[in-house]
Amino acid sequence: MCSPREVLLVGEGNFSFSTALIESSMDELHVTTTCLQSEDEALRLDGALENIQRLRECGSTVLFKVDCTCLNEHEGLQSLLFDCIIFNFPHFGRKSGVKKNRGLLAKFFRSCAQVLKEGGEVHVALCNGQGGTPADSPMREWHNSWQAVAMAAEAGLILSEVHPFDPTTYQGYKCTGYRSQDKGFHVENGLNHIFSRSFPYTTPVTLKMEAALAKETILFELPEELGEYVNRSFLESQSCHPVKLVQEQLLRELKSSWPVYTLTQNFPELVCCPPEQLRAFGTDFATTDMYWVRPIETHGQGSHEEVEGDDHPSSSTRHALQPSLLVHLSQIIQHEDFSPGTLHALSGLVFHRAPVSTSMSPVHHQLLLVGAFPSDSEPLKCLHGCLETLLSPHGVSFAEDQEDSSKIWMNSDKLPKFGRLAYMSAPEYEFHSVRLCVVTINLDHLATLVFNLFDWRLLWSPDPRFLRHFSSKPLEPFAPFSLYPPSYSHDISFWMEPDSFDELDFHAVVRQASVGAVKEVVLVDRFRHPHMGHASLCYRLTYQSPDRALSHSQVKDMQVELRKLMSQRLQVTLR
């Protein structure tokens, strides 16, 4: 037998809502209902005596002089945790403005966090327009609203649902407390806002990783801004992650036209990259966009070596996080399992330095398809037609490269060139009238298109509610579990030397300092000193999280951390 849900009501006036809730609920509830006034003051309100008696007869707990901003300090609430906390039409009292009511909400939410069970909810009913979200009709200007979502974020809560507040559902409910009087608020078109706990932000840590290359084991440090993207196992056999679902569906459809063999080779994410190997990838592959890594230890053939000094890595051989699965192409086609006439599929993480934006991520899952087919069968044309049929309904378009007709790009409105089809040279097949076809696809971006995900960062959300959606059968259209997340803009200006400044280093520092909370970085101003040669840049950072509570105070701390990291890592002078 399930235990009854523990429900706490705060800010009650005449206790009519508490009584109506008990009498109308189909669930088994244990209700603790409270008000700010003393018992004598509460009993003066119309109907309060009868409602209190009814509540006590039903086994409910009635408490007086309970301040909603410090719930756990009341002796009747200490050591208690609740499944649901309800506050209907909160108001600071008298003729108070929006700032005082925002403060009331912020303190109330912080107080709730101390007495709310894991997985619990906070219900706040507000008059139309007060919440400051698009659910209000009409929506007030942000500065003239109570900014309910931003106030909840201060306590680590996100807005999960918004429903119309229908007072007729609660028979006998009479709203009171308008301007601290026995008068009701204008509850017509009111909204009930349901908040839940957010998965917290965690401080980035430096991860030490190992990679086996040839006969050596390399120990290296992963850049801190990439820590949350590794060891996530999205593509494991039991995974229900949308990236895995998209890959499975795509390969299933391709199998209707070609034999498809999924490679099980486990390639390391660290690669050794001689310059001539990098040049083989074509002009679309920029070495400046790669994450070059300096090994900190090398173990090989029983020896142990600490790598120090500026002479490592050498100019001829360098180590990098794999920028594309194409770096393993020669190993794939030389493997004993490689068979002409079959599409061979390999997927894994790839890394590339990227600006902070709504469309590009520094890490994504890539699908590599490799096949050797007779030249007269026009394999690239056949692959193009098949993929276009499969993906065009999801907003994917295909276009020939303007300089190389043997290369075809996959594009979307948000991200051009997120995939490509091409012929690659392979000495093994040059004299056999066979062409080697390769296809690379950014699976992460494709998943955002197929499942209508508005932000690529959702794919990396640690919140279990994200994956829970994709484990349900049948699969419904994705509905955000964090509604109307607040957005904050901050500018940062600094002097730099144009010859030495690397903008991607700046974006990496932003990503690390904000723990990925910055949605977009835009250059808004640039000034170059006519005599000194150095230049001043001003960037606008937009903070917004698609899955976690992000408060104004957190953003201020992130800006402080950003300035500190910029002083340590970049050769700039902050303004």
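Predicted model: local features only at pLDDT ≥ 70, side-chain atom pairs only at ≥ 80, totals over all residues.
**Entry 1: helix H9**

I began with helix H9, which covers residues 379–391 and so has 13 residues by the count given for this run. From its first C-alpha to its last it reaches 18 Å, close to the 18 Å expected at 1.5 Å a residue. I then asked myself which residues of H9 are buried. I found Pro379, Leu380, Leu383, Cys386, Leu387 and Leu391. They cover an arc of only 130 degrees around the axis, which puts them on the same side of H9. I reminded myself that an α-helix has 3.6 residues a turn, so residues three or four places apart point the same way. On the face turned away from this buried side I noted the exposed residues Lys381 and Thr389.

**Entry 2: helix H11**

In helix H11 (464–471), I listed Phe466, His469 and Phe470 as the buried residues. Their arc around the axis is only 90 degrees, which puts them on the same side of H11. When I looked for what these buried residues pack against, I found helix H6.

Is strand E20 enclosed or open to the outside? Six of its six residues are buried, so E20 is largely enclosed by the rest of the structure. I wrote down both faces, with Gly419, Leu421 and Tyr423 on one side and Arg420, Ala422 and Met424 on the other, all of them buried.

I next followed the pairing of E20, which is antiparallel with E19 over four bridges, and in which glycine 419 is the bridge partner of methionine 410. Strand E21 (residues 434–442) also runs antiparallel to E20, joined to it by six bridges, and there I saw leucine 421 standing opposite valine 439.

**Entry 3: a sheet of four strands**

I traced an open sheet of four strands in the order E23-E24-E22-E25, with antiparallel pairing. Strand E23 (518–528) and strand E25 (572–574) stand at the edges with a single partner strand each, so one side of each is left without a neighbour in the sheet. Neighbouring strands are turned by 30 degrees against each other on average, direction ignored. Between E23 and strand E24 (residues 535–543) I noted nine bridges in the antiparallel sense, and arginine 528 has alanine 535 in E24 as its bridge partner.

Helix H12 (residues 503–513) lies across strand E22 (488–496), E23 and E24, and runs at about 140 degrees to E23.

**Entry 4: backbone details in the loops**

Lastly I checked some loops. The peptide bond from serine 137 to proline 138 is cis, with omega near 0 degrees, and I placed proline 138 in the loop between strand E5 (116–126) and helix H5 (148–153). Another cis peptide bond joins lysine 473 and proline 474, with omega about -5 degrees, and proline 474 lies in the loop between H11 and E22.

I also noted asparagine 231, whose phi is near 60 degrees, a positive value in a residue other than glycine. Asparagine 231 sits in the loop between strand E9 (216–222) and helix H6 (242–254), and it is exposed, with a relative accessible area of 65%. Lysine 417, not a glycine either, has a positive phi of about 55 degrees, and its loop runs between strand E19 (407–411) and strand E20 (419–424).

Terms used. Residues numbered from 1 in each chain as written. Heavy atoms only, no water. Helix = DSSP H or I, 4+ residues; strand = E, 2+ residues; numbered from the N terminus. Expected span 1.5 Å × (residues − 1). Buried < 20%, exposed > 50% of the residue type's maximum accessible area, 1.4 Å probe, protein only. Arc of directions from axis to C-beta. Pairing = 2+ DSSP bridges. Axes fitted to C-alpha atoms, helices over the stretch in contact; angles between N-to-C directions. Contact = heavy atoms within 4.5 Å.
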